[in-house]
Amino acid sequence: MDFALLKAVSRSFYLSMVWLPRAMRRGIALGYMLARATDSVADTSTAAPGKRAEVLRQMRRAVQGTLPPDERALLLLALRGEMADAQTNPSEATLLRRFGECLEQLEQVSETELQLLRRVLSLIVKGQLWDLTYFDDHKVVESVDETTRYTYLVAGCVGEFWTDLGLATLGKGFCAPERRDIMAQAAARYGQGLQLVNILRDIEEDAARGRAYLASFRGKSETYPCKASLEMWRNRAFWYLRDGLDYARRLETFRLRFTAMLPALLGQKTLRLIAQRAGEERVKISRKAVYATLIQAAWLSVWRRV
């Protein structure tokens, strides 16, 4: 796979790819670019929700290989034009203009990788479509189960994909195959934890838009969770990230452990900042803290947990 597109879209993610075993890089990179493209469309605020939903469904069909050639041509035209022009992030505009290249690269992966990519993208788009339509009639997610389901669709399923792709490409070099189900469940919770960190970090911005992703214990009319609810969700995110750390420690190689462990450690630091600065400002980890976390991740990745 040519990684030039990935480098153009996200230099930071491209640099992190060097830590992954070569066999996993193509599938992970392609999954990232496809998901980033659909996320860019879902977040195109200048386009009507109905239009975004239509484009997302067409993108999903294109990935599934069920979109007729004439409709595929119209989709790529819309992505290169209206959708790309509406992006404020130049890299996201670039990705949408080159979405056709991602579809071409899908044709070059193995059948196993193709099915895994199609499954994870189908789930992600399902979550994005829910996000686009749910808040037409609601200001707050009304149940814990619904919040949990949403975090699984847009992030938890990525942990499962990562696990299955690792086993498909590396076999025992990824983790013990007989532990697949336990590992995949932990990876799903890990992904959900990372998504909860994002939601908790962006809670002020989302409230200003009249939407709240975290079910509140104070009733359906609340657009900002009460203190007890926020504490519950922070605790849940923290424990999900603990599952992620345990997952990372059980991977076979230093590179895999380091790559999987770093987001969990950064997520935990973000949660602590959120708890300390609740309501004051959007938290951001300092560059010094990032470097310290890199060293911590490297140290913790030296030994594998049996």
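**Exercise 1.** Is R211 buried or exposed?

*Solution.* The model is predicted: local features need pLDDT of at least 70, side-chain atom pairs count only at pLDDT 80 or more, and totals for chains, interfaces and linings use all residues. Residues are numbered from 1 along each chain as its sequence is written, and side-chain values use heavy atoms, with hydrogens and water left out.
Step 1: apply the classes, namely buried under 20% relative accessible area, exposed over 50%, and partly exposed in between (1.4 Å probe, protein chains only).
Step 2: R211 has 15% relative accessibility and is therefore buried.

**Exercise 2.** Identify the salt-bridge partner of R211 and locate both residues.

*Solution.* Step 1: a salt bridge requires a side-chain nitrogen of Lys or Arg within 4 Å of a carboxyl oxygen of Asp or Glu.
Step 1: R211 pairs with D131, with 2.9 Å between the closest N and O atoms.
Step 2: D131 belongs to helix α8, whereas R211 sits in the loop between α11 (203-208) and α12 (227-249), so the bridge ties parts 80 residues apart in sequence. Helices are DSSP runs (H or I, at least four residues), numbered from the N terminus.
Step 3: D131 is buried as well, at 14% relative accessible area.

**Exercise 3.** Determine how many disulfides the structure contains.

*Solution.* Step 1: the criterion is a pair of cysteine sulfur atoms within 2.5 Å.
Step 1: the count is 0 disulfides.
Step 2: for C157, the nearest cysteine sulfur, that of C102, lies 18 Å away.
Step 3: C157 is buried at 0% relative accessibility.

Technical notes
Helices (H or I, at least four residues) and strands (E, at least two) are DSSP runs, numbered from the N terminus.
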